[in-house]
Amino acid sequence: MRTPRKRFWTGMLTLGDEPYQPSPPFKGAGWEAVLAPQRKTPPTIHNGQEIVLIAGSWATAQRALDLIHGCHTLAWGDPDVVEIHLIANSDEEPDWMDDDERKALLTKTYATSDFPLACAIGARVSRRRRWVYAVAKYKFSLSLYSVHHVDQEPWKSPHLAISSFPGDHVMFAHAIISAYSVVEDLGLTVRASFKKPSQIDGKWNPKVKADLERRLSESGVDVSETILWLARGGKRRIENHRPVPAGSKAPWSAWIVRDTEIPIVDAIAYSEWLRSCVASHSVKDLTPALSPYDVINVQHVARRLLLESLGFWRWQQKERNRTKKSTVPTGARGNTPAVP
């Protein structure tokens, strides 16, 4: 007999009529997410709606809620400003709470943009275990250490220098390890061996590179598109040991800002080297030279590969372009630019 499905509130509130968002329902593996009117009167947000999960059990609903939250972190690339732990709930569940505790959850809401997008990503992620764990690992990496995008802006933030504290080096190392594990779950690592090294005379082994590019393309990753690699301050011991791959300077690069656009295969290879030869296993001579930018770069590689493999890399940008094209009058396509 099929287990009857129940409705669970999440406390996640949308910000009114957001443009360029997927439409519900969002059907995941064993659960479904829909949008419902806010329970609070008067409403907290004009036209805001709460995400409601439909599932056979509280545990299934809570796993779905955790996944959606992780996918929101993935979509934004930033951690929550304050620590958030949402609990799926109904009038009777979770049963480990009493009635007053469950009622108190009504006041614990979380409102921000892109929750419908997070639901759509979560529904797709839920179909494969390796994707589910990849999202959890990415979120875990950011919980260990992360830098908000605004603090990565060269005009906004001071240079993030190397720390002199061992505890920070350990934190950086494990953030890199968990972020690179996302790449491993996607099967997009450099496949090399003693007999088939990744480099020959300091350059890519063509067979190893071609194999990686093939797997990336089959996963939906555009290998012709570069990825931004942050490099700030003077060259460090890590870079002296293995220089950052050559690429095109970012337009804002100047003085201590040495950001470059490099091929995605080079970014994966460098991330793997940072994980294997600097961050993992016993402490190495280069471990104290790890910087916040090493963590940022590996996390960005993981995020780009995961979102692009899922079909959600630059999703909203593509949706804006699609919407603009759909507003062009019939017969006005051809070389006529889309109506803005």
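A: In this predicted model, two helices, α4 (129-144) and α9 (292-310), each contribute at least two residues to the lining of the largest pocket. Helix α9 gives five residues, the largest share of that lining. The lining has 20 residues in total, and His149, Gln152, Leu228, Ile296 and His300 are the ones nearest the pocket centre. Of these, Ile296 and His300 fall within the span of α9. The class make-up of the lining is nine nonpolar, seven polar and four charged residues. The volume of the pocket is about 410 Å³.

Arg304 pairs with Glu225, with 4.0 Å between the closest N and O atoms. Since Arg304 is in α9 and Glu225 is in the loop between α6 (206-218) and β8 (226-229), this contact ties together parts that are 79 residues apart in sequence. Both ends are buried: Arg304 has a relative accessible area of 1%, and Glu225 has one of 19%. The value for Glu225 is under the 20% limit, so this residue counts as buried and not as partly exposed.

The model has 16 salt bridges. In one of them, the side chains of Lys6 and Glu93 meet at 3.0 Å, N to O. This pair also links distant parts of the chain, with Lys6 in strand β1 (residues 6-13) and Glu93 in the loop between α1 (58-76) and α2 (99-104), 87 residues apart. Lys6 is partly exposed at 36% relative accessible area, whereas Glu93 is buried at 15%.

Another salt bridge joins the side chains of Glu184 and Arg275, at 2.9 Å from N to O. Because Glu184 belongs to helix α5 (residues 166-185) and Arg275 to helix α8, the contact ties together parts 91 residues apart in sequence. Here Glu184 is partly exposed, with 38% relative accessibility, while Arg275 is buried, with a relative accessible area of 16%. Elsewhere, Asp211, Arg214, Arg215 and Glu218 are linked in a network of salt bridges.

In the pair of Tyr270 and Trp273, the ring centres are 5.5 Å apart and the planes meet at 55°, so the pair is tilted. An angle over 60 degrees would have made the pair edge-to-face. Tyr270 and Trp273 are three residues apart in helix α8 (residues 264-279), which means that about one helical turn separates them. Both are buried: the relative accessible area is 2% for Tyr270 and 10% for Trp273. A second tilted pair is formed by Phe312 and Trp315, with 6.4 Å from centre to centre and 35° between the planes. Phe312 and Trp315 are both buried too.

The contacts of Tyr270 and Trp273 extend to a further ring, as Trp229 forms one aromatic cluster with them. A contact of another kind involves Arg320, whose charged end sits over the ring of Tyr20, 5.6 Å from the ring centre.

Technical notes. Residues numbered from 1 in each chain as written. Predicted model: local features only at pLDDT ≥ 70, side-chain atom pairs only at ≥ 80, totals over all residues. Heavy atoms only, no water. Phe/Tyr/Trp six-rings, centres within 6.5 Å; stacked < 30°, edge-to-face > 60°. Helix = DSSP H or I, 4+ residues; strand = E, 2+ residues; numbered from the N terminus. Buried < 20%, exposed > 50% of the residue type's maximum accessible area, 1.4 Å probe, protein only. Lys NZ or Arg CZ within 6 Å of the ring centre and 35° of its normal. 1 Å grid on protein atoms, 1.4 Å probe; cavity = no way out; pocket = protein on both sides within 12 Å on 5 of 7 lines; lining within 4 Å. Points joined across faces, edges and corners; volume = space filled by probe spheres on them. Nonpolar A, V, L, I, M, F, W, Y, C, P; charged D, E, K, R; others polar.
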